[in-house]
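Welcome! Let us take a walk through this protein together, one region at a time.

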Amino acid sequence: MPCPHYKIKISKRSKGHSTVAQAAYQSGDRLFDERDNRTKYYSDKRGIIYTEIMLPPNAPPEYADRNTLWNAVEAVESNWNSQLARRFEIALPKELTMEQRVALIREHCYEQFVSKGMIADIAIHDPDPPGHNPHAHVMLTMRPMDEHGRWMEKAHREYELDENGERIRDAKGKWKFRKIPTVDWNNRDNAEIWRHAWEETQNKYLAAAGRSERVSMKSYARQGIDRIPTVHMGPAVTAMERRGIMTNIGNLNRDIKAANKLMDVLKRSIVRLIGWLEEIRQAIAEIDMKPKEIPLVDLLEQSFEESIKDHRGRMVTTQGEAERFNSVVSYMREHEVLTVEDLDTRLTELNANALPVRDQIKHLNSKIRTIEKLIEHGDRRASLDAVHDEYLKIHWKGKKEKFAAEHKDELDAWKASDRYMRKNLPDQEYNSDALRSELYSLNSQLYELTEKIRPQQEETEILKEVRSYVKKLLPELAPDGEALTPKRRQEKIAAVQERLAKAKAEAEKRAAAYEASRQIAGRTKEGR
């Protein structure tokens, strides 16, 4: 199935990001960053299939050169907190050819970004082994350009005025104003619009390629899908799993997928059985009978015996088929699924029993995700403690600022992890071993709950066997799909009544034979 991964990030000067470095990473080009006078080149980057810079009509032609474009962006964004570029990471459908993927991402970028005035730098990656994870990286400019290709302001000030049209001062004596964006590229609603557009364009290409798969960019909850989402593994864990190294997140995702598969099969089977049962109810109503009047199990036994004999009365079925039928009948008698109404009741019970287990699995998965993040942030903070401690020991302001600038990424990561730990573990110390032990316990519980669903899924398979035998052996109970004529109704009534009479006679015969065998066994026991 196509993957709905569509991740959006912002490159920020305040985070120490460099668009030149990011463009070099995604394109594989050797670029020179004029801000720090360093060459950016990632020689170990593999699997880059396609790169392109798409320009709107008003953009200078020289911006088709990647080095010129992103150095120009870095030069115009002079503020310490400037937003430099918008970055996308988009999964491409494996079901399409590489040529189709290129056309797909180009169409999406042109319609949603370039036609609005943004410059799009596109790179398609297909890392080794080819075809397992094709994806696109897209970088967009965030500052608009005028018709002559000159960079414009991102926003302008609009001063607040009183009833007399005079500007208003705030408590600090400064003029109050609102920031009015020049373009709407930063609107929060855009992410939803872009994701929806990607869904439509991708499904259009899948349909044109003759593929039946479709993708939805909505969450499972918004789609109304009762399924547990898997945990994002990230490149490091994915690489380990690819090398055959089992990881906690990989094991968790395997358990989640197993649970989802069982729940999906169970839910689909029950829905289809309930739909079929409603058809049977309608057919029974058409022949003026009630579901509880139809002894389903007796009818099946009588009809099966008739179907496995030839015209001379000899058995013509296989041992396997006979054993299969006997196991179905044994289930029906053991669970008292004797009539159509009993079958309806059993399906309702199965569905009701599955719901609480499904809810438990979802709750358990939520706890597992929280602990996974605690371990991730806890380990990251621990690995950066030495850098943070060294920073705290520096008392000279200049030296401290220099150290902070040199280790900005590490200190920012330490602070982010520390905030998360203090928020989610406010009253206790971080204990990696204890959390991993709890995670192991929760994973075991998840496996147990998955196994708890399995018998219900197996029972629905038996009920599907009941359905197949009813369709095969009791054609009188199959709906005609159109209004019955009086003659056809009488024929169906007569056929069902005849089968009922035979089934009743056979049931009485079996009961008599069983009682006789019990009496013989009793007399034999007394004689001994």
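Is Glu-158 buried, partly exposed or exposed? Glu-158 is partly exposed, with a relative accessible area of 34%; here buried means under 20% relative accessible area, exposed means over 50%, and partly exposed is in between, using a 1.4 Å probe and protein chains only. Before going further, please note that this is a predicted model, where local features need pLDDT of at least 70 and side-chain atom pairs count only at pLDDT 80 or more, while totals for chains, interfaces and linings use all residues. Residues are numbered from 1 along each chain as its sequence is written, and side-chain values use heavy atoms, with hydrogens and water left out.

Glu-158 has a partner: it forms a salt bridge with Arg-178, with 2.8 Å between the closest N and O atoms. A salt bridge is a side-chain nitrogen of Lys or Arg within 4 Å of a carboxyl oxygen of Asp or Glu. Arg-178 sits in strand E9 and Glu-158 in strand E8, 20 residues apart, so the pair links distant parts of the chain. Helices (H or I, at least four residues) and strands (E, at least two) are DSSP runs, numbered from the N terminus. By this rule, the count of salt bridges comes to 19.

Another of these pairs is Arg-66 with Asp-29, at 2.6 Å from N to O. Arg-66 belongs to helix H2 and Asp-29 to the loop between H1 and strand E2, so this bridge ties together parts that are 37 residues apart in sequence. Arg-66 is buried, at 10% relative accessible area, whereas Asp-29 is partly exposed at 28%.

After H1 comes Gly-28, which has a positive phi near 80°.

Now turn to helices H8 (residues 296–307) and H9 (residues 319–334), whose axes come within 10 Å and cross at roughly 165°. Axes are lines fitted to C-alpha atoms, for helices over the stretch in contact, and angles run from 0 to 180 degrees between N-to-C directions. H8 and H9 are therefore roughly antiparallel, a term for angles over 145 degrees. Their contact (heavy atoms within 4.5 Å) includes Val-297 and Phe-304 of H8 and Phe-325 and Val-329 of H9. Val-297 is buried, with a relative accessible area of 1%.

Technical notes: Parallel < 35°, antiparallel > 145°, perpendicular 65-115°, else oblique.
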